Amino acid sequence: MAGWIKQFERQSRTLVVITTLLIVIGVGVVDYVTGWELSFSVFYLFALGLAAWFVGTRFAIFISVLSVAVSLAGDLATGGRYSSRLVPWWNASIVLTFYFVVVGLLAKLRAVYAELEARVQQRTAALTDEMAERERIERELLEISEREQRRIGHDLHDSLGQHLTGVALAGQVLEEKLATRGLPEAADANKVVELVEEGIALTRKLAKGLHPIEIEADGLMQALEELVAISSDLFKVRCRFECDSPVLIRDTAISGHLYRIAQEAISNAVKHGKARNIDVQLEALDDGIAMRVKDDGIGLPDSLPKTAGIGLRIMAHRASIIGATFQARRGDSGGTTVSVLLHKPNSTKGPRE
């Protein structure tokens, strides 16, 4: 019903007026042909309804009068016989009154319908604004998170890294002094220096993980290469990066989100999927860029719960921010495959710059 009304509302008022008049004429012709004994007054209501709903109350009143006049003229023209001359006029006035009541009811119903439509549009606009505001806040939160991660990465690299380097140098000096005196504690000092150097290496890896993407167009490829190397050492799994042809992305925001998706997918594969082998694939397509993270873990269940894990939701949200398509599914031979397809990005396919 609502669709029929919408379709008619899209038509011009002139077309509705012409349709209404044609219905009155058509019903009048049938009323005349069938003679005065059969009444077709109810069929004029079709024209009356169109006039009242889609044109206006005044035009509906005109159609009411016209319908009664056409019906009455047809009955009199076909030789209608009444006991009194007042009978056809009385009948016409009763029908006209009924038509006026219908017009009034339709006008009230039309007003209520218009008010409901306005409320629905207001609610829809408010909901759209709320969703847009929520997406804006989510983007800002992610941007704040990325900014804080970059700041912490810089602090780890510049402050803590340099401090540990100073400690390592002091330890080396101490080791040399102890060795010069021939004291056995020199070996212990050397062990301390080795531990500090391991701490320096770990700090650099953490700093790189927090701020991985360089400004260059090939920054994502370099960051993913380092990510799989760090993941292999950190999680003790076999992690490989595959990229047959260079994929250049000049938008660091896009590169950052793709990197975080890969990082989260690797973490999920190890922690939840118990994977031992993980492949990160980056590919330049004719219409965009594809990134896949495959593992040989236990895989996703056949049907995901209504409330999926927060990791999947974050990855899907990051993909939506950059306008990419996200999919996480169970592999044909087990494991999980996380796919991100970015259509028409600001990227080129060619040799590294």
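Me: Why are helix 2 and helix 4 called roughly parallel?

Reply: This is a predicted model. In it, the axes of helix 2 (residues 13-34) and helix 4 (residues 57-77) cross at roughly 20°. Angles under 35 degrees count as roughly parallel, so helix 2 and helix 4 are roughly parallel to each other. Their axes come within 9 Å, and the crossing is right-handed.

Me: Which residues of helix 2 and helix 4 meet?

Reply: From helix 2 the residues are Val17, Thr20, Leu21, Val24, Gly28, Asp31 and Tyr32. From helix 4 they are Phe59, Phe62, Ile63, Leu66, Ser67, Val70, Ser71, Gly74, Asp75 and Ala77. By class, this contact has 10 nonpolar, 5 polar and 2 charged residues.

Me: How many aromatic pairs does the structure hold, and what makes the pair of Phe40 and Phe43 tilted?

Reply: There are 4 aromatic pairs in the structure. In one of them, the ring centres of Phe40 and Phe43 are 5.4 Å apart, and the cut-off for a pair is within 6.5 Å. The planes of Phe40 and Phe43 stand at 40°. Stacked needs an angle under 30 degrees and edge-to-face one over 60, so the pair of Phe40 and Phe43 is tilted.

Me: Why does Phe40 count as buried, and why does Phe43 count as partly exposed?

Reply: Phe40 has a relative accessible area of 15%. Buried means under 20%, so Phe40 is buried. Phe43 has 38% relative accessibility; partly exposed lies between the 20% limit for buried and the 50% limit for exposed, so Phe43 counts as partly exposed.

Me: What makes Phe98 and Tyr99 an aromatic pair, and what is the angle between the planes?

Reply: The rings of Phe98 and Tyr99 are 6.2 Å apart, centre to centre, and rings pair if their centres lie within 6.5 Å. The angle between the planes is 45°, and the pair is tilted.

Me: Are Phe98 and Tyr99 buried or partly exposed?

Reply: Tyr99 has 2% relative accessibility, and the cut-off for buried is under 20%, so Tyr99 counts as buried. Phe98, at 44%, falls between the limits for buried and exposed, so Phe98 counts as partly exposed.

Me: Where is Arg250, and why is it called partly exposed?

Reply: Arg250 sits in the loop between strand 2 (247-249) and helix 8 (252-271). Its relative accessible area is 40%. Exposed would need over 50% and buried under 20%, so Arg250 is partly exposed. Arg250 and Leu220 are 30 residues apart in sequence, and 9.5 Å apart in space, C-alpha to C-alpha.

Me: What is the phi of Lys236, and why does Lys236 count as exposed?

Reply: Lys236 has a positive phi of about 60°, although it is not a glycine. Lys236 lies in the loop between helix 7 (219-235) and strand 1 (238-242). Its relative accessibility is 60%, and exposed means over 50%, so Lys236 counts as exposed.

Me: Why does Lys274 count as exposed?

Reply: Lys274 is at 57% relative accessibility. The cut-off is over 50%, so Lys274 counts as exposed. Lys274 is in the loop between helix 8 and strand 3 (277-285). Its phi is near 55°, a positive value in a residue other than glycine.

Terms used
Residues numbered from 1 in each chain as written. Predicted model: local features only at pLDDT ≥ 70, side-chain atom pairs only at ≥ 80, totals over all residues. Heavy atoms only, no water. Axes fitted to C-alpha atoms, helices over the stretch in contact; angles between N-to-C directions. Helix = DSSP H or I, 4+ residues; strand = E, 2+ residues; numbered from the N terminus. Parallel < 35°, antiparallel > 145°, perpendicular 65-115°, else oblique. Left-handed = near helix turned anticlockwise from the far one by under 90°. Contact = heavy atoms within 4.5 Å. Nonpolar A, V, L, I, M, F, W, Y, C, P; charged D, E, K, R; others polar. Phe/Tyr/Trp six-rings, centres within 6.5 Å; stacked < 30°, edge-to-face > 60°. Buried < 20%, exposed > 50% of the residue type's maximum accessible area, 1.4 Å probe, protein only.
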